[in-house]
Amino acid sequence: MQKYELLAIIPAIHTDTEVPAIADKVVAIVTAAGGTIVRSENLGKLKLAYPIKHQKHGYYWLVQFDAEGAVVAKIENDLRLSEHVLRHMLTERAEGADKARFQLEAYVSPISEEGFATRKEKPRRKAGEVAPAATSQVAPRGPEMTVEELDKKLDQILEGASENV
C-alpha cells in the first residue's frame, strides 16, 4: 500500500455545520475505492486566489489515506465528478506528514491594499540624485548612412548570400 494525501476545497455556499457531512462524502469516496483513512482534518475557510465556479471562498479539507496505486485514478475521477468539491489535489504523502500540523494562509494579491502594505518599498533617490549607470554595454553606432548607401549595402549582402548557396 502507498501513502497518499488529498486536499479538497469545499464551496463556501455550505454552512459551517454542513461542511463535516460533505467531508464525510469525500472520505466515503476514498473508502469506497479501497483506501484506509489515516487522518481527516478541516483546515479552515479561506478566500480563494481566484473565483472557481463563481465561488470566492472555500473550506479546505485534508484527508490522508493508504491505498493501492490502482485505485487512485478512480478516486480522482469520482472527486472530479462530485458537485461538493470545487478543486482537489491528490499527491503521495511524505514520511512524517501524518504527524505534521498544517496552517494555511490566505492569498494576498500584490496589487491589493494589503499587498502594497506588506511589499517592501524600493529605495528612493533624493532630489537631484542621478540613477546609477546601466551595466549593459551598448554597441557603438557606425557612421550615418543615406538611404541610397543603405540600399547598395543590402544589395551587396544579398548578392554575396546568393553566391554562397
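Student: What is the volume of the second largest pocket?

Tutor: The second largest pocket has a volume of about 160 Å³, a value computed on a predicted model.

Student: What makes a residue part of its lining, and which residues line the second largest pocket?

Tutor: A lining residue has an atom within 4 Å of a point of the pocket. Ile 9, Leu 46, Lys 47, Leu 48, Ala 49, Tyr 50, Ile 52, Tyr 60, Leu 104, Glu 105, Ala 106 and Tyr 107 line the second largest pocket. Strand 2 supplies the largest share of this lining, six residues.

Student: How many residues of that lining are nonpolar, polar and charged?

Tutor: The lining divides into 10 nonpolar residues, no polar ones and two charged ones. Lys and Glu count as charged, so Lys 47 and Glu 105 belong to the charged class.

Student: How do you know which strands are at the edges of the open sheet?

Tutor: The open sheet has four strands in the order 2-3-1-4, with antiparallel pairing. Strand 2 (36-52) and strand 4 (87-92) are the edge strands, as each pairs on one side only. From one strand to the next, the twist averages 20°.

Student: Why is strand 1 said to pair with strand 3 and with strand 4?

Tutor: Pairing requires at least two bridges between two strands. Strand 1 (residues 2-11) is joined to strand 3 (residues 55-67) by 10 bridges, and to strand 4 by six bridges. Both counts meet the requirement, so strand 1 pairs with strand 3 and with strand 4. Strand 1 runs antiparallel to strand 3 and antiparallel to strand 4.

Student: Which residues stand opposite Leu 7, Pro 11 and Ala 8?

Tutor: In strand 3, Leu 62 stands opposite Leu 7 and Gly 58 stands opposite Pro 11. In strand 4, His 88 stands opposite Ala 8.

Student: Why is strand 1 called mostly covered?

Tutor: A residue is buried when its relative accessible area is under 20%. Seven of the 10 residues of strand 1 are buried, and therefore strand 1 is described as mostly covered.

Notes
Residues numbered from 1 in each chain as written. Predicted model: local features only at pLDDT ≥ 70, side-chain atom pairs only at ≥ 80, totals over all residues. Heavy atoms only, no water. Helix = DSSP H or I, 4+ residues; strand = E, 2+ residues; numbered from the N terminus. Axes fitted to C-alpha atoms, helices over the stretch in contact; angles between N-to-C directions. 1 Å grid on protein atoms, 1.4 Å probe; cavity = no way out; pocket = protein on both sides within 12 Å on 5 of 7 lines; lining within 4 Å. Points joined across faces, edges and corners; volume = space filled by probe spheres on them. Buried < 20%, exposed > 50% of the residue type's maximum accessible area, 1.4 Å probe, protein only.
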